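Please open the model in your viewer, with the sequence panel beside it, and follow the stops below in order. Each stop names what to select and then describes what is there.

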Amino acid sequence: MQDGGGGFLCLCIEPYCDVFWLKPGDEVTVVPADGALGPRFSVVAVKYRLVVWIFEGGDPVRVIVGCTVVDGNGTELPEGYQWPAGRSLY
């Protein structure tokens, strides 16, 4: 996914609300944990936020809790990446 807007965009990976902040032009990929069978993504857009759930085989009861977020170079990003000073989730 890519931030095509004019400001920060918050990427929130559920169910633990792992947060990554994207600057305009930033591009990231969410990679489900190894061994995840048939992952399906559910993405909800909320003002300045994308909330992502990953389900195994599309089953809403089987939430995949492990994933990695990488940038365009394949570098793993830490949770809280680029959190803007003074900014909250809400």
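Begin by selecting Phe8, Trp21 and Trp83, which ring pairs link into a cluster; rings of Phe, Tyr and Trp (its six-membered ring) pair if their centres lie within 6.5 Å, and planes under 30 degrees apart count as stacked, over 60 as edge-to-face and the rest as tilted. This is a predicted model, in which local features need pLDDT of at least 70 and side-chain atom pairs count only at pLDDT 80 or more, while totals for chains, interfaces and linings use all residues. Residues are numbered from 1 along each chain as its sequence is written, and side-chain values use heavy atoms, with hydrogens and water left out.

A search of the whole structure finds three aromatic pairs. Keep Phe8 and Trp21 selected: their ring centres are 6.3 Å apart and their planes stand at 75°, so this pair is edge-to-face. Phe8 lies in the segment before β1 (9–13) and Trp21 in strand β2 (residues 18–22), so the pair ties together parts that are 13 residues apart in sequence; strands (E, at least two residues) are DSSP runs, numbered from the N terminus. Trp21 is buried, with a relative accessible area of 1%, whereas Phe8 counts as partly exposed at 26%; buried means under 20% relative accessible area, exposed over 50% and partly exposed in between (1.4 Å probe, protein chains only).

Next, select the loop between β1 and β2, where Pro15 lies. A cis peptide bond joins Glu14 and Pro15, with omega about 20°. In this loop is also Cys17, whose phi is near 55°, a positive value in a residue other than glycine. Cys17 is partly exposed, with a relative accessible area of 22%. As background for both features, most residues other than glycine have a negative phi, and most peptide bonds are trans.

Now move to the largest nonpolar core, which has 13 residues, those with the most contacts inside it being Leu11, Ile13, Phe20, Val28, Val30 and Val69. The elements that give two or more residues to this core are β1, β2, β3 (28–32) and β5. Such a core is a set of buried Ala, Val, Leu, Ile, Met, Phe, Trp, Tyr and Cys residues joined through side-chain atoms within 4.5 Å. Which residues does Val28 touch, not counting residues up to four places away in sequence? They are Met1, Leu11, Leu22, Val69, Val70, Asp71 and Leu77, where contact means heavy atoms within 4.5 Å.

If you draw a C-alpha to C-alpha distance from Val46 to Glu27, the two are 18 Å apart in space and 19 residues apart in sequence. Tyr48 is found in the loop between β4 and β5 (49–56), and it has a positive phi of about 65° although it is not a glycine. At 49% relative accessibility, Tyr48 counts as partly exposed.

For the last stop, select Glu56 and Arg62, whose side chains meet in a salt bridge (2.9 Å, N to O). A search of the whole structure finds one salt bridge, the term being used for a side-chain nitrogen of Lys or Arg within 4 Å of a carboxyl oxygen of Asp or Glu. Glu56 is buried, with a relative accessible area of 18%, while Arg62 is partly exposed, with a relative accessible area of 45%.

Note on methods: Helices (H or I, at least four residues) and strands (E, at least two) are DSSP runs, numbered from the N terminus.
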